Amino acid sequence: MNVEEDATMPRKEIIDALSKYTDPFRVTKGDGFRLADFDPGDTLGLKMDKKEAAELLQSGSEWLAMEQEVLYAQDSWSLLLVFQAMDAAGKDGTIKHVMSRVNPQGCDVVSFKQPSEEEISHDFLWRYSMKVPQRGRIGIFNRSYYEEALVVRVHRHLLEAQKIPSQLVGENVWSDRLADIARFEDYLTRQGVVILKFYLNLSYEEQKKRFLERLDRPEKNWKFSASDVRERRHWNDYMRVYDEAIRATASKAAPWFVVPADNKWFTRLVVAAVIVEALEKLDLKYPKTSPEQMKDLAAARKELIAEE
Ligand code: ATP
Ligand code: MG
């Protein structure tokens with residue numbers, strides 16, 4: 001991925017080089033998908049020390065920042081990045097590192113937690129659709145509408161709290177909900193919202209290790225909450241509902257990326273590569289100045305010079 005250092009490389013070659021890091025993790029068809037087929041510890045045989053990985057990620061983030069400027073200027077496409085994962089998989093750190101060079105004015109991060117009274121009194125997509133990024137912007141969903149078929153599915157009382165008329169809550173409630181999500185995403189992509197969905201694939205063992213670290217190191221204590229261990233008891237249920245969610249919603253237009261998450265440096269590189277690749281594929285250009293605008297610019301120049 002050292003291609004990212006060379007801004008003069010033709011677009012097709014860049015995309016080809018990045019695809020080595022993105023193709024193995026992209027899921028565009030649900031049929032036969034199983035999380036269990038993906039190795040959380042995978043690094044594609046790459047071995048890197050901390051410094052090397054950080055340097056590479058930095059060039060990726062700089063590249064992303066360049067692309068983001070053009071995205072903003074062309075004011076037509078937008079980019080929605082959805083992050084889902086089990087606790088301690090590294091959502092926060094990945095977002096922080098990958099987006100480190102991007103102009104904060106063109107980017108919004110929204111963390112979805114338990115819904116408020118107002119939010120829960122609406123249809124389930126309401127609070128998410130309001131936060132879909134406007135044209136020209138990058139929107140990051142730290143958790144997302146997928147929780148409506150994940151945590152709400154694992155903890156059935158959360159569905160009851162949504163006060164849906166009982167006649168409408170049948171045995172297909174989850175498959176219907178996932179179909180609604182797939183259609184919502186189709187709709188958005190036809191509006192020019194490019195959707196990339198990341199599942200940070202952490203292993204059960206590595207989660208335990210990271211929880212213990214949070215308990216052992218005082219400066220990490222704040223990151224630990226007792227509910228994390230309670231949720232861990234439902235690990236197998238979560239894996240089952242994630243399997244179904246990805247199966248029902250993976251598509252070419254809104255692909256999932258099952259990113260190995262046991263090695264943080266590798267998670268970040270893959271996520272950066274996926275985003276850069278998607279933006280490169282859009283072949284974004286700065287808007288052309290029209291002859292009319294040229295005239296205005298010339299007039300403005302004249303006025304400024306006349307001031308002196
Ligand atoms: P971290 O723990 O890494 O700081 P987080 O995303 O887990 O980040 P928390 O504040 O720990 O953030 O937890 C948010 C909680 O909100 C999660 O337990 C999640 O399951 C829950 N949540 C998210 N969306 C919904 C929803 N739609 N309905 C009910 N609970 C939800
Ligand atoms: Mg948490």
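Colleague: Where does lysine 163 lie?

Modeller: Lysine 163 sits in the loop between H7 and H8. Helices (H or I, at least four residues) and strands (E, at least two) are DSSP runs, numbered from the N terminus. This is a predicted model: local features need pLDDT of at least 70, side-chain atom pairs count only at pLDDT 80 or more, and totals for chains, interfaces and linings use all residues. Residues are numbered from 1 along each chain as its sequence is written, chains are lettered from A and ligands numbered from 1 in the order in which they are written, and side-chain values use heavy atoms, with hydrogens and water left out.

Colleague: What makes lysine 163 count as exposed?

Modeller: Its relative accessible area is 55%. Buried is under 20%, exposed is over 50%, and partly exposed is in between (1.4 Å probe, protein chains only). Lysine 163 at 55% is therefore exposed.

Colleague: What is phi of lysine 163?

Modeller: Phi is near 55°, a positive value in a residue other than glycine. Most residues other than glycine have a negative phi. Aspartate 283 also has a positive phi, of about 55°, although it is not a glycine.

Colleague: Where is the place of aspartate 283, and why does aspartate 283 count as partly exposed?

Modeller: Aspartate 283 belongs to the loop between H12 and helix H13 (291-307). Its relative accessibility is 36%, so it counts as partly exposed.

Colleague: What makes lysine 208 partly exposed?

Modeller: The relative accessible area of lysine 208 is 48%, so partly exposed is the word. Lysine 208 is placed in helix H9 (residues 204-216). Proline 115 is 93 residues away from lysine 208 in sequence, and their C-alpha atoms are 27 Å apart in space.

Colleague: How do you know that valine 152 is buried?

Modeller: Valine 152 has 6% relative accessibility, so it counts as buried. Its place is in helix H6. Setting aside residues up to four places away in sequence, valine 152 touches Glu147, Leu158, Leu159, Gln162, Trp174 and Arg177. Contact means heavy atoms within 4.5 Å. Valine 152 and glutamine 162 are ten residues apart along the chain, with 9.7 Å between their C-alpha atoms.

Colleague: And what makes tyrosine 145 buried?

Modeller: Tyrosine 145 has a relative accessible area of 0%, so it is buried. It lies in the loop between strand E4 (138-142) and H6. Leaving aside neighbours within four places in sequence, its contacts include Leu80, Val82, Ile181, Phe184 and Glu185. Tryptophan 126 is 19 residues from tyrosine 145 along the chain, and their C-alpha atoms are separated by 9.3 Å.

Colleague: How do you know that the length of H11 agrees with its 15 residues?

Modeller: The expected span is 1.5 Å times one less than the number of residues. For the 15 residues of H11 that is 21 Å, and the end C-alpha atoms are 21 Å apart, so the two agree. H8 (residues 173-190) has 18 residues and reaches 26 Å from first C-alpha to last, close to the 26 Å expected. H1 has twelve residues and reaches 16 Å, close to the 16 Å expected.

Colleague: Which residues of H8 are buried, and what puts them on the same side?

Modeller: Val173, Trp174, Arg177, Leu178, Ile181, Phe184, Glu185, Leu188 and Thr189 are buried in H8. They cover an arc of only 150° around the axis, so they lie on the same side of H8. The arc is that of the directions from the helix axis to the C-beta atoms. Arg183 and Arg190 are exposed on the other side of H8. The buried residues of H8 pack against several elements, among them helix H7 (156-160), strand E5 (193-201) and helix H11 (235-249). Glycine 192 follows H8, with a positive phi near 95°.

Colleague: At what angle do the axes of H1 and H12 cross?

Modeller: The axes of H1 (residues 11-22) and H12 (residues 264-282) cross at roughly 150° and come within 9 Å. Axes are lines fitted to C-alpha atoms, for helices over the stretch in contact, and angles run from 0 to 180 degrees between N-to-C directions.

Colleague: Is the crossing of H1 and H12 left-handed or right-handed?

Modeller: Left-handed. That means the near helix is turned anticlockwise from the far one by less than a right angle; clockwise would be right-handed. Residues making the contact include Ile14, Ile15 and Leu18 of H1 and Val270, Ala273 and Val274 of H12. The contact residues divide into nine nonpolar, two polar and four charged. Ala, Val, Leu, Ile, Met, Phe, Trp, Tyr, Cys and Pro count as nonpolar, Asp, Glu, Lys and Arg as charged, and the others, Gly among them, as polar.
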